[in-house]
Amino acid sequence: MGEAAGGQPGVGRVLVVVPTYNEADNIADVVARVRRAAPAVDVLVADDNSPDGTGTLAEAMAGTDAQVHVLHRPGKQGLGAAYLAGFGWARQHGYDAVVEMDADGSHAPEDLPALLAAARDADVVIGSRWVSGARVVNWPWRRLLLSRCGNLYARMALGMPVSDATGGFRVYRLSALRAMRLESVCSQGYSFQVELSRLAHRAGVRIVEVPITFAERERGASKMSPLIVAEALWRITTWGLRDRRPARWRRGHDRWP
Ligand SMILES: Nc1nc2c(ncn2[C@@H]2O[C@H](COP(=O)(O)OP(=O)(O)OP(=O)(O)O)[C@@H](O)[C@H]2O)c(=O)[nH]1
Ligand SMILES: [Mg+2]
């Protein structure tokens, strides 16, 4: 392991997990920016065998920087599966916290120090687009509307005091992930972020939101699809209805801890 000794003050050893699928135009830049912005943290690129060679590019970076690692996965299995594999890797390698971050430049690595500073006094830090001080740059109005409505619906259906439950720039302490019982996670796409918000809220861990600057991707193609939106809608509705049922009607892991 090449991580800087001592890790992040007040947080410990931190691993930034970057899931990738066809991000060859972005991955080198984003990893370099993370390393500059937060030199004490390590990076794990979780690549789903991208046809454009993202995994090979990441491997080359890992060859010259002992704080960069690559998890090669057999094929495209969705964001949630890539993150769960990355979290498992972090656990096996003794990290104290993981960061979720997109590879497409939407999440600015330069915001990472603020997220890590907030993690000193929190179990989960959400980089939020919808709290005071945040900025959203170059997003088409349709995406803005989808995000605002999606978050409003998630907050109402699930009763969570979280402004940006769909965002994917976050810090989780490993202790929080253990308390959240990730074995119940079923999301494939972006509802993964809502599902983890819900599990964190239910586990009673300390959640804080920190304003970020979110920018539309400049290079490469979005993996967002109507199917992904439909999955999120369906799952949020199902969880919302399930959470409202009396405890004696719920099965197994759906009970409150
Ligand atoms: N490993 C892996 N990564 C994925 C998969 N789907 C998306 N990603 C990555 O997850 C991150 C977010 O995906 P994006 O396509 O940017 O999705 P988005 O940010 O919701 O959509 P845009 O705003 O349109 O970019 C990026 O780093 C993707 O490369 C997948 O199936 N497997
Ligand atoms: Mg994106």
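1. The shell around ligand 1 comprises eight nonpolar, three polar and nine charged residues. Here Ala, Val, Leu, Ile, Met, Phe, Trp, Tyr, Cys and Pro count as nonpolar, Asp, Glu, Lys and Arg as charged, and the others, Gly among them, as polar. Please bear in mind that this is a predicted model, where local features need pLDDT of at least 70, side-chain atom pairs count only at pLDDT 80 or more, and totals for chains, interfaces and linings use all residues. Side-chain values use heavy atoms, without hydrogens or water, and residues are numbered from 1 along each chain as its sequence is written.

2. Of the 20 residues around ligand 1 (a heavy atom within 4 Å), those that come nearest are Glu-23, Lys-76, Asp-104, Ser-222 and Lys-223.

3. Oxygen atoms of ligand 1 have polar contacts (N or O pairs within 3.5 Å). A polar side-chain atom of Asp-104 lies 2.6 Å from one such oxygen. Backbone N or O atoms also take part, with Gly-78 at 2.9 Å and Tyr-21 at 3.1 Å.

4. On its own, ligand 1 has 630 Å² of accessible area (Shrake-Rupley, 1.4 Å probe), and the protein covers 96% of this.

5. Turning to the aromatics, six pairs turn up across the whole structure (ring centres within 6.5 Å; Trp by its six-membered ring). One of them, Tyr-83 with Phe-192, is stacked (planes under 30 degrees apart), at 5.9 Å centre to centre and 10° between the planes. Tyr-83 belongs to helix 3 and Phe-192 to helix 7 (DSSP runs of H or I, at least four residues), so the pair ties together parts 109 residues apart in sequence.

Technical notes
Chains lettered and ligands numbered in written order. Polar contact = N/O pair within 3.5 Å; in protein donor to acceptor, adjacent residues only side chain to side chain. Phe/Tyr/Trp six-rings, centres within 6.5 Å; stacked < 30°, edge-to-face > 60°. Helix = DSSP H or I, 4+ residues; strand = E, 2+ residues; numbered from the N terminus.
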